[in-house]
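Morning, everyone. Please look at the structure on the screen while I talk.

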Amino acid sequence: MLAHDDAVDELALAVHAANVARDRMLRRKLMRTDALLRLLPGLRCPLAGWWGDQDVLYAHRLPVIGQALSRAPHYRGLTLRPGVGHWAMYEDAAAFNAGAVSWLDG
């Protein structure tokens with residue numbers, strides 16, 4: 001989930017442990033469906049993506065993420081952050097917070 005060992009801290013472990021206990025989608029079956037692609041065109045709110053280029057869950061699929069998200073009518077773009085993993089917002093929090101403020105202001 002995190003690209004660098006030094007990003008693993010007490011909070012990350014606690015959040016991950018709590019989420020694993022709550023997980024109802026065994027083996028990530030949902031990500032293998034077209035459910036998101038079907039949902040995106042009907043979104044009425046703005047949508048922006050924030051991904052880490054070291055995301056092991058989406059390795060080799062990064063080029064299609066922006067294409068998929070752009071199906072939303074109010075798509076505001078995809079930010080691909082270098083050197084961070086699946087938890088890009090956690091691992092690169094300062095940059096994400098600045099990006100979120102920019103999106104919300106825009």
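Start with D92. Is it buried or exposed? D92 is buried, because its relative accessible area is 14% and the cut-off for buried is under 20%. Keep in mind that this is a predicted model.

Now, what does the side chain of D92 meet? It meets the side chain of R81 in a salt bridge, at 2.5 Å from N to O. Side chains of opposite charge can pair when their charged atoms come close. R81 itself counts as partly exposed, at 25% relative accessibility.

How many salt bridges does the structure hold? Two. One of them joins the side chains of D34 and R38, at 2.9 Å from N to O. Here D34 is partly exposed, with a relative accessible area of 40%. R38 is exposed, at 57%, because exposed means over 50%.

Back to R81, and on to the strands. In β2, R81 stands opposite G52. Strand β2 covers residues 75-81, and it pairs with β1 in the parallel sense, over five bridges. What lies with these two strands in the β-α-β unit? Helix α3, residues 62-69. Together, β1, α3 and β2 make a right-handed unit.

Next, the aromatic rings. A pair of aromatic rings is described by the distance of the centres and the angle of the planes. The count here is five aromatic pairs. Take W50 and W103. Their rings are 5.6 Å apart, centre to centre, with 80 degrees between the planes. That makes the pair edge-to-face, because over 60 degrees counts as edge-to-face. The two residues come from distant parts of the chain. W50 is in strand β1, W103 is in helix α5, and 53 residues separate them. W50 is buried, at 9% relative accessibility.

Which residues form a cluster with W50? F96 and W103: the three form one aromatic cluster.

One more pair: W87 and Y90. This pair is edge-to-face too, at 5.7 Å centre to centre and 70 degrees between the planes. W87 is buried, with a relative accessible area of 17%. Y90 counts as partly exposed, at 28%.

R81 stands opposite G52. W50 belongs to an aromatic cluster with F96 and W103.

Technical notes
Residues are numbered from 1 along each chain as its sequence is written. Side-chain values use heavy atoms; hydrogens and water are left out. Rings of Phe, Tyr and Trp (its six-membered ring) pair if their centres lie within 6.5 Å; planes under 30 degrees apart count as stacked, over 60 as edge-to-face and the rest as tilted. Helices (H or I, at least four residues) and strands (E, at least two) are DSSP runs, numbered from the N terminus. Buried means under 20% relative accessible area, exposed over 50%, partly exposed in between (1.4 Å probe, protein chains only). Two strands pair if DSSP finds at least two bridges between them. A crossover is right-handed if, with the strands pointing away from the viewer, the path from the first strand over the helix to the second runs clockwise. A salt bridge is a side-chain nitrogen of Lys or Arg within 4 Å of a carboxyl oxygen of Asp or Glu.
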